[in-house]
Amino acid sequence: MAKATVFDEAQVEERLKTELPTWRLEDGWIRRTYKTAGWKGTLMIINTVGHLAEAAFHHPDITASYAWVEVRLMNHAAKGITASDFALAKKIEEVVMWQPGLEEGSPLSGTPEDPRFAYIKYEK
């Protein structure tokens with residue numbers, strides 16, 4: 001298998017700006033912190049990311065606490081940020097931040113505003 005092309009810092013920053021504005025570059029990783037309403041939401045995000053990572057066979061590092069999850073991506077074999085990292089980050093972002101109730105014409109109502117059902121803190 002050919003070694004993946006590693007993006008330099010300027011390329012990573014530009015791609016984050018245009019493709020993943022809620023992600024950041026820090027210490028050689030692209031990172032995203034998701035805020036949750038508590039442990040239930042934290043576990044739901046971890047399990048979602050785990051499923052996507054296994055399906056992609058590309059595994060991020062994850063750090064979690066009661067009300068947040070940080071996902072970090074860097075291609076360990078290539079020792080840098082590659083197209084694989086961006087592809088998985090985009091899929092994670094799409095799935096975790098999906099709000100069907102905001103989609104025009106969606107038959108799905110989405111999570112109610114009632115705090116009893118809250119599990120993730122969506123950015124407004």
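**Close-up views of a predicted model**

View 1. Leaving aside residues up to four places away in sequence, Glu70 touches Arg24, Arg31, Arg32, Thr33, Asp61, Ile62 and Thr63 (contact means heavy atoms within 4.5 Å).

**View 2. The open sheet of 4 strands.** The strands follow the order E1-E2-E4-E3 with antiparallel pairing; helices (H or I, at least four residues) and strands (E, at least two) are DSSP runs numbered from the N terminus, and two strands pair if DSSP finds at least two bridges between them. Strands E1 (24–26) and E3 (61–65) each have a single partner strand and stand at the edges, so one side of each is left without a neighbour in the sheet. From one strand to the next, the twist averages 30°. Between E1 and strand E2 (residues 29–35), the antiparallel pairing extends over 3 bridges, and Arg24 stands opposite Arg31 in E2.

**View 3. Helices H2 and H3 against the sheet.** Helix H2 (residues 39–56) lies across E2, E3 and strand E4 (68–73), running at about 170° to E3, where axes are lines fitted to C-alpha atoms, for helices over the stretch in contact, and angles run from 0 to 180 degrees between N-to-C directions. Helix H3 (residues 83–96), which packs on the sheet, touches E2 and E4, and its direction makes about 10° with that of E2.

**View 4. Positive phi at Asp27 and Phe57.** Most residues other than glycine have a negative phi. Asp27, in the loop between E1 and E2, has a positive phi of about 55°, and with 66% relative accessibility Asp27 counts as exposed. Phe57, in the loop between H2 and E3, has a positive phi of about 50° and is exposed, with a relative accessible area of 66%.

**Notes.** Residues are numbered from 1 along each chain as its sequence is written, and side-chain values use heavy atoms, with hydrogens and water left out. Because the model is predicted, local features need pLDDT of at least 70 and side-chain atom pairs count only at pLDDT 80 or more, whereas totals for chains, interfaces and linings use all residues.

Technical notes: Buried < 20%, exposed > 50% of the residue type's maximum accessible area, 1.4 Å probe, protein only.
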